[in-house]
Amino acid sequence: MKPLLVASPGERLSILCLGAHSDDIEIGAGGTILDLIARGVLLDVTWCVLSAGNQRVAEAQDSAAAFLMGAASSSIAFGNFDDSLFPSQSREIKAWLLALRDRCNPDLIFTHARDDAHQDHREISQLTSNVFRDHLIMEYEIPKWDGDLGKPNIYVPLSEHALDTKVALLLDHFGTQRSKDWFDAETFRGLARLRGVECRAPARFAEAFTVRKMTLA
């Protein structure tokens with residue numbers, strides 16, 4: 001299958017990463033970001049976490065810095081919205097995203113999947129497509145006990161190094177999550193292997209996304 005490159009080595013690419021919680025971006029798109037940087041794409045990254053309190057803010061800051069090491073430029077922003085109550089804060093979150101749009105015009109946006117079982121994730125996804133109407137949006141997936149993984153239509157093959165680095169950084173930076181029975185290397189590697197099977201990834205691993213609309217030139 002002929003791949004479509006979002007950017008070639010040496011080419012600049014601006015991306016906006018949106019996550020409801022402090023580890024979402026890393027789980028959903030961390031390998032893709034690491035591989036883009038490793039391939040020499042000049043990434044300009046705006047990294048936004050909309051809910052992170054106390055210790056999780058520090059975790060998110062340190063993790064983002066580690067994932068974005070080697071990016072051409074990066075900025076990290078935090079919202080102060082109440083975890084698990086995003087639907088009731090929709091008006092305020094939309095205003096926050098509109099203000100973000102006024103200062104950020106990315107080539108590519110990573111956000112949550114529209115059909116994610118977590119209410120915070122769904123709200124961010126819906127508002128992303130509502131606010132950023134003229135952008136390429138890639139919806140990432142988050143494994144969880146709800147069993148809500150869907151049928152993605154875009155795959156990004158990962159190098160084994162990118163996957164190893166992603167897993168190591170997740171386990172190293174998110175100590176508050178280690179007590180969750182699903183937050184472990186086997187989960188992250190297992191999903192990446194499955195997606196790698198589905199797209200016949202050369203190095204066996206991939207991240208998968210859903211794209212609702214895109215144009216080909």
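Helices (H or I, at least four residues) and strands (E, at least two) are DSSP runs, numbered from the N terminus. The model on your screen is predicted, so local features need pLDDT of at least 70 and side-chain atom pairs count only at pLDDT 80 or more, while totals for chains, interfaces and linings use all residues. Residues are numbered from 1 along each chain as its sequence is written, and side-chain values use heavy atoms, with hydrogens and water left out.

**Stop 1: the enclosed space**

Start with helix α6 (185-199), which gives the most to the lining of the largest cavity, with four residues. A cavity, on a 1 Å grid over the protein atoms alone, is a set of points where a 1.4 Å probe fits but cannot get out, and its lining residues have an atom within 4 Å of a point. Counting those of 30 Å³ or more gives one cavity, and about 110 Å³ of space lies in the largest cavity, a volume being the space filled by probe spheres set on the points, which are joined across faces, edges and corners.

Now select the lining itself: Ile27, Gly28, Glu141, Pro143, Lys166, Thr187, Phe188, Leu191, Ala192, Ala206, Glu207 and Ala208. Besides α6, the elements α1 (24-38) and β7 (205-210) each supply at least two residues. By class the lining holds seven nonpolar, two polar and three charged residues, where Ala, Val, Leu, Ile, Met, Phe, Trp, Tyr, Cys and Pro count as nonpolar, Asp, Glu, Lys and Arg as charged, and the others, Gly among them, as polar.

**Stop 2: the open pockets**

A pocket is an open set of points with protein on both sides within 12 Å along at least five of seven lines. The largest pocket has a volume of about 1,400 Å³; of the 41 residues that line it, select Leu4, Val6, Met138, Ile154 and Met214, the closest to its centre. The elements giving two or more residues to this lining are α1, β4 (108-112), β5 (136-140), β6 (154-158) and α6, and the lining comprises 24 nonpolar, five polar and twelve charged residues.

**Stop 3: the aromatic rings**

Across the whole structure there are seven aromatic pairs, in which rings of Phe, Tyr and Trp (its six-membered ring) have centres within 6.5 Å, with planes under 30 degrees apart counted as stacked, over 60 as edge-to-face and the rest as tilted. Select Phe81 and Trp96, whose ring centres are 6.3 Å apart with planes at 85 degrees, so the pair is edge-to-face. Phe81 sits in the loop between β3 (73-78) and α3 (90-103), and Trp96 in helix α3, 15 residues apart. Both are buried, that is, under 20% relative accessible area with a 1.4 Å probe and protein chains only.

Trp182 and Phe188 make another edge-to-face pair, with centres 6.4 Å apart and planes at 85 degrees. Trp182 counts as buried at 19% relative accessibility, and Phe188 is buried at 4%.

**Stop 4: two cysteines**

The search finds zero disulfides, a disulfide being a pair of cysteine sulfur atoms within 2.5 Å. Select Cys48, whose nearest cysteine sulfur, that of Cys104, is 7.0 Å away. Cys48 is buried, with a relative accessible area of 0%, and Cys104 is buried at 9%.

Definitions and conventions: Buried means under 20% relative accessible area, exposed over 50%, partly exposed in between (1.4 Å probe, protein chains only).
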